[in-house]
Amino acid sequence: MIETNKPSESCVLVGLVTREQSREQVDEYLDELAFLAETAGAKCTRRFIQVLDHPDPRTFVGAGKIQEIRDFVLDTKADMIIFDDELAPSQMRNLDRVFNENRDEKVKILDRNNLILDIFASRARTAHARTQVELAQYEYMLPRLTRMWTHLERQKGGIGMRGPGEQEIETDRRIVRDRIALLKRQLEVIDRQKSTQRSRRAAMVRVALVGYTNVGKSTLMTLLSKSEVFAENKLFATLDTTVRKVVLNNLPFLLSDTVGFIRKLPHQLIESFKSTLDETRESDLLVHVVDISHPQFEDHYRVVNETLQEIGSGDKPVILVFNKIDAYQYEPHPEDDLGERSKRSMTLEEWKNTWMAKLPGQDVLFISAVQKENIDQLRDTIYRRVREIHIQRYPHTETPFWTGDFSEE
């Protein structure tokens with residue numbers, strides 16, 4: 001768990017406007033990066049944005065911007081600098097040299113991947129999740145060992161330093177590779193155990209809740225399964241897949257709450273969380289939850305679909321659920337303004353007549369899990385889709401009523 005009794009560390013954020021990323025996108029990405037930093041326990045004091053055709057291969061941003069950041073960090077004694085994109089090992093080394101040469105109090109240089117890994121490390125509650133996160137951390141560290149171990153004895157711990165890095169100062173590449181190999185063997189054993197558990201549940205239709213992080217999947221899981229599932233208004237509140245048996249109209253099925261997706265998810269995490277993602281890959285039906293109150297919910301919808309394609313789940317039947325309609329903020333467009341309408345100036349009814357209602361083969365619902373609005377409609381839709389799958393799978397059998405305990409965390 002994140003230590004709440006320690007004072008927050010201060011950080012500055014750095015983003016880049018390029019040919020591929022507009023200023024509006026970078027502002028949104030830095031909003032999310034600030035939320036990630038807050039989840040990890042840091043307070044953001046300033047953002048730095050530079051416009052470049054492409055990242056500087058040496059220091060990510062240009063020399064002038066580096067000096068501006070350096071002056072601010074020295075003046076405010078900020079604890080860390082967080083870059084919104086993955087930094088190459090050479091960029092890490094160069095930045096460490098620029099900001100920490102001849103300094104007693106070292107400023108930590110983190111990238112988005114490092115921050116996400118740190119949050120995963122703080123939120124891993126089971127041995128399975130801890131093993132997965134540790135493997136991802138070591139694989140991230142391996143090409144960056146020189147930077148990660150430099151000055152480590154004088155570091156005070158905190159964000160970006162959790163986990164294996166602070167335990168063995170003398171760790172070298174060979175020992176890290178050996179540790180990676182051991183963790184992979186341990187995960188292979190766990191994966192086989194998880195596969196066996198899933199095979200025992202193969203007779204039941206399996207439904208997986210998927211979506212961007214912090215869209216309300218765990219709250220929805222609690223409503224549908226009538227059992228308490230941990231939920232918190234922070235990113236990656238849930239790491240371990242939770243599976244519950246749900247019965248609707250005497251029709252049982254398995255419902256799983258999976259780890260939330262996010263843009264630029266580190267590939268180390270996708271690989272090490274393979275068995276967790278298998279719950280999505282092997283499901284019969286996906287319930288894709290979208291937070292419609294978020295200004296960038298369309299982008300989140302796209303990121304989740306791209307991730308599903310990446311892990312081989314892009315062709316599964318889907319129920320699309322737009323959650324948090326109670327928090328949607330409608331901003332009327334001024335009648336005398338001839339400019340383009342913003343997305344916030346569209347009502348929910350107008351949204352329902354856009355692309356949302358035209359997705360082939362998908363049921364589209366608008367709900368509020370917190371206010372329990374349209375939850376009965378969601379239950380009816382899930383029941384109908386699960387029943388269709390069950391009839392296709394067992395055309396000559398009665399609907400079973402399982403008595404075994406298939407719940408899993």
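Which residue lies over the face of Phe-72, and at what distance from the ring centre? In this predicted model, Arg-46 takes that place, at 5.2 Å from the ring centre of Phe-72; a charge counts as over a ring if NZ of Lys or CZ of Arg is within 6 Å of the ring centre and within 35 degrees of the ring normal.

Residues are numbered from 1 along each chain as its sequence is written, and side-chain values use heavy atoms, with hydrogens and water left out. Because the model is predicted, local features need pLDDT of at least 70 and side-chain atom pairs count only at pLDDT 80 or more, while totals for chains, interfaces and linings use all residues.

The chain has an average pLDDT (the predictor's confidence in each residue, from 0 to 100) of 80, and 78% of the residues score at least 70. The pLDDT is below 50 over residues 165–169, a stretch with ten contacts (heavy atoms within 4.5 Å) beyond near neighbours in sequence. Residues 401–409 also have pLDDT below 50, and this stretch has 29 such contacts in the model. Where pLDDT is low, the predicted coordinates should not be read in detail.

Of the 409 residues, 54% count as buried, where buried means under 20% relative accessible area, exposed over 50% and partly exposed in between (1.4 Å probe, protein chains only). Among contacts with a separation of 6 or more, 75% come from residues 24 or more positions apart.

Aromatic pairs number five in the structure; rings of Phe, Tyr and Trp (its six-membered ring) pair if their centres lie within 6.5 Å, with planes under 30 degrees apart counted as stacked, over 60 as edge-to-face and the rest as tilted. Phe-72, the residue under Arg-46, forms an edge-to-face pair with Phe-48, at 5.7 Å centre to centre and 70° between the planes. Phe-48 belongs to strand E2 (residues 42–51) and Phe-72 to helix H2 (residues 63–76), so their pairing ties together parts that are 24 residues apart in sequence. Both Phe-48 and Phe-72 are buried. The pair of Phe-322 and Phe-366 is stacked because the ring centres are 5.1 Å apart and the planes are at 20°. Since Phe-322 lies in strand E9 (residues 318–323) and Phe-366 in strand E10 (residues 363–366), this pair ties together parts that are 44 residues apart in sequence. Phe-322 is buried at a relative accessible area of 0%, and Phe-366 counts as buried at 9%. Ring pairs also join Phe-297, Phe-322, Trp-351 and Phe-366 into a cluster.

Phe-60 sits in the loop between E2 and H2 and is buried at 2% relative accessibility. Lys-77, in the loop between H2 and strand E3 (80–83), is exposed at 63%.

Asn-100 lies in helix H3 (residues 89–100) and is buried, with a relative accessible area of 2%. Leaving aside neighbours within four places in sequence, Asn-100 is in contact with Lys-106 and Val-107. Helix H5 (residues 127–141) is mostly covered, with twelve of its 15 residues buried, including His-128, Gln-132 and Tyr-140.

Note on methods: Helix = DSSP H or I, 4+ residues; strand = E, 2+ residues; numbered from the N terminus.
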